[in-house]
Amino acid sequence: MKKFLVMLLVLSLVMASFVGCAKKEEPAKADQPAKVEEPAKAEEPAKVEEPKTLKITSGLWSRPEEQQFIREEILPGFENEFNVKVELEVIDNIEKVMEAQKASDKWTTDVVMTHSGKMPLYIENAYVQPLNDIKDSLDIHFMDAFESATTEGNNSYYLPISADVYLLIANKKALPYLPEGADVTKLTWDQYKDWSINMAKEVGPKVSFPLMPVKATVYQMGGLGLSYGSEFPMINSDGMVDAWNVVGEMVKNNAILETSFNYGDPIEQMKSGEAWLSFYHMVPVGDIYSSAPAKYVVAAAPAGPNGNGSIAGAWGVGITAGTKNKEVADEFIKYLTRPEVLYQVAAGTGGFIPPVDEVIAQLGEEPKDVIMKKGLDTLQNGVVSGVPGSDYTDWGAVKSVYDTVFKTMWDNNGSLDQSFLDEQQKALEALEK
Amino acid sequence: MKNKFRKWTPYFLLTPALLYYLFFWIRPVFNAFIGSMTDFDGSFSLRFFIEVFKEPMFSAAFRNSVLFALISVLLQFSIAFMMALLLNKKFKGVNLLLFIALIPMAVPPAAVAILWKTGFSTFGWLNNILITLHIIKTPILWMTAQGFNALLFLILIDTWTVLPSVMIILLAGLQNLNKEYEEAGLIFGATKWQVTKDIIMPILKPTIITAVILRMIAAIQVWMISVMMFGYGRVPFLVERIAYYTDVVPMLDESYKMSLTYSVIVTVIVMVSVVLYLQVSKKSKKEVEI
Amino acid sequence: MNQKSLIAKTVFYLFIATMIIAILVPFFLFLSTSVYSEYEVYEFPRKFIPRTSFDLKIDWVDDKYDFSVFSREMDDYELLIQTDNLDKLRRFLKRNLSVQKTNEEINRDFSVSKNGEPLYLTYKKDLLYNYKTFFSITNKAGKAVANSVIAAGWTILISLSFGSLAGYAIARYKFKGREQLSLILLVVRMFPAVAVAIPMLVYLLKMNFDNTMIGLAIVYSVGNIALTAWITSSIFSGINVELEEASYVFGATKLQTFTKITLPLAVPGLIACSMYAFLAAWNDSITALILSNNNPTLSLVIYKAIGSSSAIQLSAAGAVILIMPALVFTFIIKNYINQMWGEVKL
């Protein structure tokens with residue numbers, strides 16, 4: 001018992017000394033001694049002079065594997081070449097952090113990675129500064145698709161470094177069930193529907209359509225809607241009604257796995273073999289594909305009368321308005337946009353599309369390259385739309401509307417009536433800013 | 001002099017805690033109560049309560065929270081009581097057994113979720129075991145449970161997590177029970193069952209009441225396991241709705257107000273349940289004065 | 001008589017066995033998951049004991065290595081990847097099979113298949129791969145561990161100090177409102193923590209305590225002070241007043257009595273209270289999510305990892321790390337729990 005009291009006392013003394021470290025004003029110090037050994041990493045470059053620092057706050061690379069890749073295989077190159085110590089922080093609601101830094105004028109973040117849906121907000125709130133000089137100095141060409149999101153007036157605020165679309169992925173076991181004359185690399189949604197129904201009849205439901213609430217139902221249906229000529233987001237337009245009907249047919253014929261309601265992505269269902277077919281965001285698709293490239297086929301989004309529809313997003317790199325390390329930040333952006341580096345980043349993380357012509361030219365036949373090329377196909381030749389998150393008071397609520405419609409359709413065995421759709425459209429419009 | 005001082009001492013001792021509560025709990029809760037009854041323009045209004053009652057998921061959330069609390073408490077206490085009775089013997093390894101029983105309590109909610117999600121998924125370990133033991137041929141789709149089945153599902157998982165700690169409370173009460181009462185009963189010819197019913201349980205009553213109240217309060221506020229297993233909205237609970245408004249749709253004008261309103265409703269329900277329960281148990285307590 | 005006690009004994013042991021199985025099997029499977037390679041997570045039916053190695057078949061076809069792994073489900077080799085790029089093979093082996101090899105080793109081993117015959121070989125799996133990887137991929141996991149320890153420590157300190165003072169007062173003194181106080185302390189638990197967190201965030205921001213461990217501890221302690229007060233009041237009432245009186249007779253002051261006589265006797269109960277305080281702080285992820293998103297505790301890091309990653313085996317590894325201290329703590333405490341709850345009454 002005495003030992004315990006002593007321990008408690010020591011603990012409190014130790015903590016008292018930590019209080020200084022615990023207050024958030026302190027810049028991030030070297031890692032506290034961990035209970036488990038950390039793998040030996042060369043974080044400190046050979047000290048000749050004091051290394052400069054750079055802090056990146058990113059919404060991209062939220063998956064631990066991606067962060068690992070960036071930290072282990074991308075950042076060291078930059079750190080060694082420029083004698084900089086880079087801190088990478090990946091968090092969800094960066095807007096709050098930006099707002100806090102702006103309000104207190106204490107800019108600890110130098111470089112920020114933002115999703116295209118949020119870029120207008122950042123530009124409007126002056127969280128980032130123009131990058132015209134860097135952009136002009138770079139000898140590469142960025143795809144036009146993201147001009148509108150990354151620029152305001154004559155100023156470029158972001159350089160897009162990765163883009164993503166939705167792709168089709170199929171287990172090779174599904175191929176024998178393709179409808180007559182269908183080419184998996186050039187499917188229409190009708191053929192996709194027939195394919196899924198064929199499988200349902202022979203082996204049971206095999207389509208993964210992740211339906212976990214507030215995740216990606218909106219994007220899957222959005223892409224479908226675009227293929228049929230609808231706008232995004234929209235519930236009751238003619239094109240959208242056609243899209244609902246296609247999926248409704250699949251539901252009616254039991255082609256979609258009911259367990260899809262439990263998942264926010266098709267990874268588990270596809271990898272375990274429970275599902276053989278899915279249309280989903282290219283990052284999870286890339287994850288599934290690279291787990292065993294010989295087992296799967298990846299293709300561009302299926303097409304409707306209007307083309308291959310998909311919701312597309314992009315991530316851009318920008319420099320915060322109040323950074324104290326502008327030169328280092330500049331160097332970092334230049335480094336990141338080097339074609340060989342950008343290719344590595346794209347391939348080594350989820351398999352995003354690098355929206356730079358020079359990088360695209362380098363794509364080969366490796367699994368991730370294959371994913372990237374398919375994505376590119378959709379991006380350049382398909383019907384894509386971004387995510388207009390800033391136009392709505394709460395995007396989560398928008399997602400919920402789509403969830404409600406889908407669930408109702410499921411409960412009604414695949415049918416929806418127009419009045420219900422109109423009602424939900426009103427709910428959607430009520431959310432507009 | 002000493003006496004005067006003595007009179008004030010308890011208040012001195014209590015002050016730190018009370019001040020702490022005043023500052024860090026009463027203030028925010030008070031603000032929450034006021035906030036739930038204030039309209040956007042600052043005027044008094046009950047419209048958020050009306051909006052909550054009109055919500056499509058409100059009745060499901062209410063029903064689920066109440067049912068969950070009732071069923072889980074009843075279930076857990078019956079099983080825990082039996083377990084405690086059985087474990088109330090001194091035998092080798094009882095402490096080790098106790099430790100094993102405590103394991104679920106040390107597992108954080110997020111980990112419990114992976115544990116059971118990997119278990120109940122179509123190709124998860126539960127189906128794995130059942131198929132290996134040839135009890136079933138094809139995997140059962142546990143996770144497609146809807147409505148009441150889904151509720152039972154969650155109760156099951158909650159029981160796994162919570163049962164050990166309930167059992168321990170009862171066990172501790174039993175072990176502090178004076179053996180003499182039990183023996184006296186047996187000497188006078190009562191059966192083991194009668195001894196349990198008429199002697200042990202009444203003496204244990206205060207402990208049981210305490211534990212039930214703590215469990216009830218926690219059970220009415222369950223939400224995270226539902227969200228982690230099924231996502232938002234599939235098996236709604238009152239506090240799950242609070243999490244929904246705080247986490248999923250935080251930017252709507254009414255989000256904050258709705259979560260405050262739900263919180264107030266939950267608090268009221270909890271208080272009412274506790275008071276009701278105390279009344280009921282006090283009544284039967286009177287019969288039991290030894 | 002003998003038959004009855006035999007049946008009773010059987011039932012008894014059956015019950016114990018069921019209990020042990022019900023608790024340990026899921027837990028054990030969880031531990032297994034934390035050691036699975038990515039490939040094994042999706043094998044079905046799985047062996048409960050994780051693989052220690054993989055049987056591979058390498059074929060040199062069309063200028064590429066056909067890389068197959070022996071699949072138990074199919075009872076045959078399953079083709080996974082076709083490439084001639086050593087880097088890709090190395091990464092594939094590492095990420096999907098938890099096998100660590102260098103490019104040279106792969107080259108040396110696989111080239112044998114270029115002779116025309118398929119090559120069969122076995123590679124050992126790195127069982128601790130997930131654990132090693134977890135720390136390198138999660139954002140500052142080491143710091144998160146330290147944060148958890150600090151937050152838990154502060155919670156224990158605050159809860160025990162405020163709480164035991166209050167508990168002592170309730171136990172030793174008769175004062176107005178004493179009866180109701182115990183019940184009032186319960187009230188604190190009746191308000192959903194999720195709802196208190198938002199207003200708390202505002203206070204913490206004002207005090208500059210957001211994203212600090214002491215800020216978290218303040219919120220964790222709210223419920224725990226009440227619990228501690230409640231428990232210690234029973235403990236203290238269990239300690240014979242005569243002991244204290246005797247100490248006064250011998251000339252000790254109130255403080256001396258408290259620290260030298262009362263407190264030591266109460267320590268078992270205090271230890272148990274600190275267990276609850278520790279677990280409350282250590283295991284919480286939701287409050288930390290709201291109040292300290294940018295300076296996370298280990299529990300929050302794992303909560304996020306589970307949410308954003310499909311790699312359950314990595315999350316499981318992290319979760320096991322999270323559970324360990326709690327288990328150790330609980331193991332140490334188990335002997336004192338009986339004493340704590342024995343006297344608690346309303």
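The following dialogue explains how terms are applied to a predicted model.

Mentor: In this predicted model, local features need pLDDT of at least 70 and side-chain atom pairs count only at pLDDT 80 or more, while totals for chains, interfaces and linings use all residues. Residues are numbered from 1 along each chain as its sequence is written, chains are lettered from A and ligands numbered from 1 in the order in which they are written, and side-chain values use heavy atoms, with hydrogens and water left out.

Trainee: What makes the pair Asp287(A) and Lys271(A) a salt bridge?

Mentor: A salt bridge requires a side-chain nitrogen of Lys or Arg within 4 Å of a carboxyl oxygen of Asp or Glu. The N to O distance between Lys271(A) and Asp287(A) is 2.7 Å, so the pair qualifies.

Trainee: Why is this pair said to tie parts of chain A together?

Mentor: Asp287(A) belongs to helix α11 (residues 282–291) and Lys271(A) to helix α10 (residues 267–271), so the bridge joins parts 16 residues apart in sequence. Helices are DSSP runs of H or I with at least four residues, strands are runs of E with at least two, and both are numbered from the N terminus.

Trainee: How many salt bridges are there over all chains, and how many between chain B and chain C?

Mentor: The search of the whole structure gives 21, whereas the count between chain B and chain C is zero.

Trainee: What, then, describes the interface of chain B and chain C?

Mentor: About 7,700 Å² is buried there, 80% of it from carbon and sulfur atoms; buried area is the accessible area (1.4 Å probe) that two parts lose on being put together, summed over both. Tyr20(B), Tyr21(B) and Trp25(B) supply 9% of the area that chain B buries against chain C, more than any other three residues. Contact, meaning heavy atoms within 4.5 Å, takes in 85 residues from chain B and 81 residues from chain C.

Trainee: Which helix of chain B gives the most to the side that touches chain C?

Mentor: Helix α1 (residues 2–36) does, with 19 residues.

Trainee: How are the residues on that side of chain B divided into nonpolar, polar and charged?

Mentor: There are 64 nonpolar, 16 polar and five charged residues. Ala, Val, Leu, Ile, Met, Phe, Trp, Tyr, Cys and Pro count as nonpolar, Asp, Glu, Lys and Arg as charged, and the others, Gly among them, as polar.

Trainee: How many helices and strands does chain B have?

Mentor: Chain B has twelve helices and zero strands.
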